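Let's take a walk through this model together, stopping at the annotated sites, the pocket and the cavities. Have the viewer open as you read.

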Amino acid sequence: MFQNPFFDGHEQVVSLYDAGSGLRAIIAVHSTSLGPAAGGCRLWSYDQSGDALSDALRLSRGMSYKNAIADLPMGGGKAVILGPVPPERREALFEAFGRAIDGLGGLYITAEDVGVSEKDMAVVARHTRFVSGVAVQKGIGGNPSPSTARGVRIGLEAAAKLALARNELEGMRIAVQGLGGVGFNLCGELNARGARLVVADIANARVEEACDLFGAEPASTDDILLADVDVVAPCALGGVITPDVARKMRATVVAGGANNQIASDKAGQILFDRGITYAPDYVINAGGIIMVTAEYLGNTESSEVDQAIERIGDRCARILQRSRSEARPSHIVADEMARAIIARAQNKHRHPEPA
Ligand code: NAD
């Protein structure tokens, strides 16, 4: 684990096994400098268990950066459950997961991510209060995907304004990869503002639904990222912008909801060198964590949550402007800003040295 390229000084990494339900999971706690480690729980069938660890570590660090940049009083963590999970064991497995989260005593606060539903989180909530994304109260909480999609649309608008000098989405051609909770809601946001959509998903039913509902044009999952559009919005899994994809992309802007879109620094550099504006993923996909943090803390009005999600636009614009003026890729600029916020909090909490 310590040799893993994504280890990056994680405070704790916990492996969970429950014989009764068959639960196998990893909880990665990257940083608690700003508050308890908050981040979703992903259920995925990994080819090798080493891939699950890498995914947990990379996503967890991303959550530290996302929460820091979004100005939330939360550190960064993530859970991954190793699939597949047979339907008849699902409830028992999330019960066991809930008990394990409770055992960590608030070190890590969970919520939904890929493969995990609001219903699963309701099962987790039977056993622990260290969970969010469970229920809507006074307009706050529940499934984070609509809030994530809204924030992505706001970030996308800011990036398009800067890169394409377009103040409106009307007529803009946008390719959306992945039509799950985030991608489908994003299509709704974009369609409502007159954008013309090109969509792809490995699930044909989702594509058909998006074509029917939003007048979208279907594309193949193989080349959606290379579509001849103004903006590409990756909303499926991470690591999709490889150096090869970055060299071949035809869009002017990349702005989507998926975590860890850039496969490597090299890929980010190629985008930058080619003049493709990349809205850093965790800067613009923070709407969901902003919403579920408000649900968890229970001390915010829904209008304040709306305003916090709106601020994603200015934040994204500032990072992109700095990237331009410093002639450095936007993902490097964002990472640096996030690390500086976390380091300031660490220094504040450091114990005084004895005289
Ligand atoms: P989801 O599981 O609801 O949807 C993912 C979709 O992507 C599915 O429809 C799936 O069929 C599709 N997909 C998978 N591989 C694909 C491929 N190769 N090509 C095209 N489509 C493919 O997940 P989600 O909650 O919508 O999350 C999507 C991404 O956004 C993830 O990277 C997640 O970490 C990130 N994210 C989600 C949230 C949230 O609020 N749910 C918040 C921040 C970031």
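## Gly 183 and its helix

Gly 183 sits in helix H5, where helices (H or I, at least four residues) and strands (E, at least two) are DSSP runs numbered from the N terminus. Is Gly 183 buried or exposed? Gly 183 is buried, because its relative accessible area is 0%; buried means under 20%, exposed over 50% and partly exposed in between, with a 1.4 Å probe and protein chains only. Leaving out residues up to four places away in sequence, Gly 183 touches Val 176, Gly 178 and Cys 235, a contact being heavy atoms within 4.5 Å.

Before going further, a word on the source: this is a predicted model, in which local features need pLDDT of at least 70 and side-chain atom pairs count only at pLDDT 80 or more, while totals for chains, interfaces and linings use all residues. Residues are numbered from 1 along each chain as its sequence is written, and side-chain values use heavy atoms, with hydrogens and water left out.

Val 182 belongs to helix H5, which covers residues 181–192. Setting aside residues up to four places away in sequence, the contacts of Val 182 are Ser 145, Thr 148, Ala 149, Cys 235 and Gly 257.

## The largest pocket

How many residues line the largest pocket? There are 45, and those nearest its centre are Asp 113, Val 114, Val 182, Cys 235 and Ala 236. Strand S4 (41–44), helix H1 (49–69), helix H4 (145–164), H5 and helix H10 (287–297) are the elements that give two or more residues to this lining. H10 gives the most, with three residues. The pocket has a volume of about 910 Å³, and its lining divides into 19 nonpolar, 18 polar and eight charged residues. Here Ala, Val, Leu, Ile, Met, Phe, Trp, Tyr, Cys and Pro count as nonpolar, Asp, Glu, Lys and Arg as charged, and the others, Gly among them, as polar.

Pockets and cavities are found on a 1 Å grid over the protein atoms alone: a cavity is a set of points where a 1.4 Å probe fits but cannot get out, a pocket is an open set with protein on both sides within 12 Å along at least five of seven lines, and lining residues have an atom within 4 Å of a point. Grid points are joined across faces, edges and corners, and a volume is the space filled by probe spheres set on the points.

## Two domains

The chain is divided into domain 1 (12–56 + 76–124) and domain 2 (145–340), with bounds from an automatic or database domain assignment. Their centres, taken over C-alpha atoms, are 26 Å apart, and nine residues of domain 1 are in contact with five residues of domain 2. Both domains give residues to the lining of the largest pocket, so the pocket lies between them.

Lys 78 is in strand S5 (residues 75–82) and is buried, with a relative accessible area of 2%. Beyond its neighbours within four places in sequence, Lys 78 is in contact with residues including Tyr 108, Asp 113 and Asn 259.

Asp 120 is found in helix H3 (residues 118–124). Asp 120 is buried too, at a relative accessible area of 5%, and touches Arg 90, Phe 94 and Gly 115, not counting residues up to four places away in sequence.

## Enclosed cavities

The whole structure holds two cavities of 30 Å³ or more. The largest cavity has about 50 Å³ of space, and its lining includes Leu 59, Lys 66 and Asp 281. H1 supplies the largest share of that lining, four residues.

The second largest cavity has about 30 Å³ of space. Its lining divides into six nonpolar, two polar and no charged residues, and the largest share, four residues, comes from H10.
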